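Have a look at the sequence and the model before reading on.

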Amino acid sequence: MGKTKIKAPVITPVPQPTLARHLLNCGVEKLYLLNCLGQGYSIAALDNGIAPHEQWKDSTSHKVWRSFVANSPDATKDNNNHGTATASLLIGGGTNKPNQVTVGCAPKVENYYHCKVFSDNGNIVLDDVIKALDYLISLDPGIRPDFVNMSFGEHFPKPWADDILGINQRMQRLWDETKTVFFVAAGNHGATNNQVSWLSELPFTITCGAINYSNSLGYLSPISPLIDLVDYGIGIQAYDNDGSGYKVFDGTSQACPIAMSKAVAISSWLTKTKGIPKQSVKQNFLQICKVYGFIEDLGQPGPDSSFGLGKLRFQL
């Protein structure tokens, strides 16, 4: 009898997503290959609303969208596209479909809480920020956010001092009880003005400035010793609020969620691959990243007031 020929199994490569430019050359493609995309972690964003978009189905199945603005109760209303863009830069990922682009690198977080705290004219409402933080505190500790994006924060005059104190106290409680890390945007005052968000002064926040694709400081990014990290913030592709397309944005408001989505994906890798407990990762995130070489130093050697420690990257 002749020998039966056994065909070698056909191995079909897993299609990889088309990454937006701001996710190239920083190791994000490796995180997708390793499937370390936020698993085991929960995150939140305090921002404007989050509009429906066809690519949300490619991200985490457990998304909570809530408005804390009394005169704008619809959490999907996002007049200035700020909230939708922020959310997409956090969890908008995983697609490998033609003509679709992956813009975030934490699409597999356990829970995503999107809290609308902007009025319809795009202004931040401090009292509503307090309501949103109270909501996050009310969650069971096991599902509270591990990271929170806050792409806002100006210096408010004294009449708002009580609200600012209330925000700080609630953020402190989340840090004390859950080790929640807050990523905050540095603001868009530019290099001639060293004014950054009041949130940057809190010890449990990570303040993000913006760079361009040449790794030079973005034209709108402030210079301050309170800058911790930078990331791309000029010409950023993110979800449009039209339901299917994309828009291009400039600002530290975009650099901040890009940096945070990398941080969440890296944290997922640290816990999944290295066995480092979540609490330890969060409490010592920047220090651990320095040990593993996950921060690319930019500008002058060492920390500086333009680039902070540098830009997050994933390399093995």
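Let's start with what counts as a pair: two rings of Phe, Tyr or Trp (its six-membered ring) pair up if their centres lie within 6.5 Å. Keep in mind that you're looking at a predicted model. By that rule, the count here comes to 17 aromatic pairs.

**One pair up close**
- Take Y113 and Y135, whose rings sit 6.3 Å apart, centre to centre, with 75° between the planes.
- Planes over 60 degrees apart count as edge-to-face, so this pair gets that label.
- The two partners come from distant parts of the chain, 22 residues apart: Y113 belongs to strand 3 (residues 111–116), while Y135 is in helix 3 (residues 126–138).

**A ring cluster**
- Y41, F147, F183 and F285 are joined into a cluster by ring pairs.

**Charges over rings**
- Y135 turns up again here: R66 lies over the face of its ring, 4.5 Å from the ring centre.
- Y41, one of the cluster's members, has K278 over its face, at 5.4 Å from the ring centre.

**A covered helix**
- How many residues of helix 2 (residues 82–91) are buried? The tally is 10 of its 10 residues.
- Among them are H82, T84, S88 and I91.

Key
Residues are numbered from 1 along each chain as its sequence is written. This is a predicted model: local features need pLDDT of at least 70, side-chain atom pairs count only at pLDDT 80 or more; totals for chains, interfaces and linings use all residues. Side-chain values use heavy atoms; hydrogens and water are left out. Rings of Phe, Tyr and Trp (its six-membered ring) pair if their centres lie within 6.5 Å; planes under 30 degrees apart count as stacked, over 60 as edge-to-face and the rest as tilted. Helices (H or I, at least four residues) and strands (E, at least two) are DSSP runs, numbered from the N terminus. A charge sits over a ring if NZ of Lys or CZ of Arg is within 6 Å of the ring centre and within 35 degrees of the ring normal. Buried means under 20% relative accessible area, exposed over 50%, partly exposed in between (1.4 Å probe, protein chains only).
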